[in-house]
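These are my notebook entries on one protein structure. I record what I looked up and what I found.

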Amino acid sequence: FGSRWGWFFPAFAEFFAPPRSFSSSLCVFRAGRHASQLNSMDKVMPAVGGLIGLWAASKVVPVMYEWDLIPGVGSPAYWERAKKIRYDYYSEGIVYSPYDTGDPIKELPAESVGKMYLRQKGGGWKLQSEM
């Protein structure tokens, strides 16, 4: 690790280098000498993580805003589209479409006529075509 990654982690290159001898006192000396560097890393890394989190949020939150993914917050495009919603169609039924093209479907497709599933007064369900 020390020789290969020493250019990337100069402070830890000597700490992770293989021992020159198998003497345990040398290893204790190395760990003691670099303990202050490790303690300072405990304070620095949370700040680095916070900065990375802020950077990521600065990239993600604007996209979430434009795609209306933030609950309770609507983008200008959302409010513009909401002004065009007609709320007087409540008695005429709803035709669902998988795509919002801007012009809603106002008539039921021919292949769907007579296939509404209706609840009966006495209980149970029947297709509209069976009535």
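Which backbone oxygen does the side chain of Q120 reach? I found that the side chain of Q120 reaches the backbone oxygen of L118 at 3.5 Å. A polar contact here is a pair of N or O atoms within 3.5 Å; within protein, one must be able to donate a hydrogen and the other to accept it, and residues adjacent in sequence count only if both atoms are side-chain atoms.

Entry on the source. I note that the model is predicted, that local features need pLDDT of at least 70 and side-chain atom pairs pLDDT 80 or more, and that totals for chains, interfaces and linings use all residues. Residues are numbered from 1 along each chain as its sequence is written, and side-chain values use heavy atoms, with hydrogens and water left out.

Entry on the overall fold. I listed five helices and two strands, in the order α-α-α-α-α-β-β from the N terminus. Helices (H or I, at least four residues) and strands (E, at least two) are DSSP runs, numbered from the N terminus. Of the 131 residues, 8% count as buried; buried means under 20% relative accessible area, exposed over 50%, and partly exposed in between (1.4 Å probe, protein chains only). Residues 24 or more positions apart supply 5% of the contacts with a separation of 6 or more, where contact means heavy atoms within 4.5 Å.

I recorded an accessible surface of about 11600 Å², with 64% belonging to carbon and sulfur atoms; the areas come from the Shrake-Rupley method with a 1.4 Å probe. V44, M45, V48 and I52 make a nonpolar surface patch of about 330 Å². Such patches consist of residues with over 30% relative accessible area and no salt bridge, nonpolar side chains (Val, Leu, Ile, Met, Phe, Trp, Tyr) being joined within 5 Å. A salt bridge is a side-chain nitrogen of Lys or Arg within 4 Å of a carboxyl oxygen of Asp or Glu. V44 is in helix α4, residues 35-66, and is partly exposed at 41% relative accessibility.

Entry on the loop between α4 and α5. I placed both D68 and S75 in this loop. S75 is buried at 0% relative accessibility, whereas D68 is partly exposed at 33%. The side chains of S75 and D68 make a polar contact at 3.0 Å. Leaving out residues up to four places away in sequence, S75 touches Y65, E66 and D68. D68 has a positive phi of about 60 degrees, although D68 is not a glycine. In helix α5 I looked up A77, which is eleven residues from E66 in sequence and 7.8 Å from E66 in space, C-alpha to C-alpha.

Entry on aromatic pairs. I found two aromatic pairs. Rings of Phe, Tyr and Trp (its six-membered ring) pair if their centres lie within 6.5 Å; planes under 30 degrees apart count as stacked, over 60 as edge-to-face and the rest as tilted. Y78 and W79 have ring centres 5.0 Å apart and planes at 75 degrees, so this pair is edge-to-face. Y117 and W125 are stacked, at 5.5 Å centre to centre and 10 degrees between the planes. Y78 is partly exposed at 40%, and Y117 is exposed at 52%.

Entry on the strand loop. I returned to Q120, in the loop between β1 (117-119) and β2 (125-127). Beyond four places in sequence, Q120 touches W125, K126 and M131.

Terms used
Patch = residues over 30% accessible without salt bridge, like charges linked within 9 Å, V, L, I, M, F, W, Y side chains within 5 Å.
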